[in-house]
Amino acid sequence: MNKTTVNLKLKAQLLTLLKKEAFRREEVVLSSGKTSSFYIDGRCVTLSAQGAYLTACLIFDLLKEHKFEAVGGPTLGADPIAGALAAISYARKKPFKTFIIRKTPKAHGARRQIEGPRLRPGAKLILVDDVATSGKSFLESIDILRAEGFKVDTAICIVDRQEGASAALAQKNCRLIPLFTPKDFGIK
């Protein structure tokens, strides 16, 4: 996967949308417990029509050269991305399955933790999420998927805050591919 396969015009449009709708320069406490001078709420963009479309197109372009069975990730950040990817993959005549990982298995019905179409045992899956900080959500997802016998070696996020996620995933033999980093938002 190299960055030259990404449509730069769409990438610029997504960055503009993220800056306008999701990026805030203010002190916040992140889910990791760390305090940060900025916040990016990816769902403000991925749950909009334009944001869902741009995100799915860019991630689809990154996935073109990969062999995999499905793409998905942890609820709630991956939910709109997975849905948009399913639609884009169908529209582009390369349909693939998507899935969502619940925080805990459903307490009734099928009692599943991995939601979506049935996946082939041993299948290669790719993870997606909106923002990565420490990588905790990705790490938990990798553990859940591997415990079910799936292979996971790639995770894609819209923004990597560059606060340890990439190194943490590398410890699990999984690479992190971000569309953007803080530098794209003018943060050093």
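**A strand and its neighbours**

Guide: This is a predicted model.

Visitor: How do β9 and β10 pair, parallel or antiparallel?
Guide: They pair in the parallel sense, over 5 bridges. One of the bridge pairs joins Ile156 to Ile177 in β10.

Visitor: How does the chain get from β9 to β10?
Guide: It crosses through helix α6, residues 165-170, and this β-α-β crossover is right-handed.

Visitor: And how many bridges join β8 to β9?
Guide: There are 7, and β8 and β9 run parallel. The bridge partner of Val128 in β9 is Ile156. Helix α5, residues 136-147, makes a right-handed β-α-β unit with β8 and β9.

Visitor: What holds paired strands together in general?
Guide: Strands of a sheet pair through backbone hydrogen bonds.

Visitor: What is the strand order in the sheet?
Guide: The order is β7-β6-β5-β8-β9-β10, in an open sheet of 6 strands with mixed pairing.

Visitor: Which strands stand at the edges?
Guide: β7 and β10 do; each has a single partner strand, so one side of each is left without a neighbour in the sheet.

Visitor: Back to β9. How many of its residues are buried?
Guide: 8 of the 10 are, taking buried as under 20% relative accessible area. That is why β9 is described as largely enclosed by the rest of the structure.

Visitor: Which helix lies across β9?
Guide: Helix α4, residues 78-91, lies across β9, and also across β5, β6 and β8. Helix α4 runs at about 170 degrees to β6.

Methods: Residues numbered from 1 in each chain as written. Predicted model: local features only at pLDDT ≥ 70, side-chain atom pairs only at ≥ 80, totals over all residues. Heavy atoms only, no water. Buried < 20%, exposed > 50% of the residue type's maximum accessible area, 1.4 Å probe, protein only. Helix = DSSP H or I, 4+ residues; strand = E, 2+ residues; numbered from the N terminus. Pairing = 2+ DSSP bridges. Right-handed = clockwise from strand over helix to strand, strands pointing away. Contact = heavy atoms within 4.5 Å. Axes fitted to C-alpha atoms, helices over the stretch in contact; angles between N-to-C directions.
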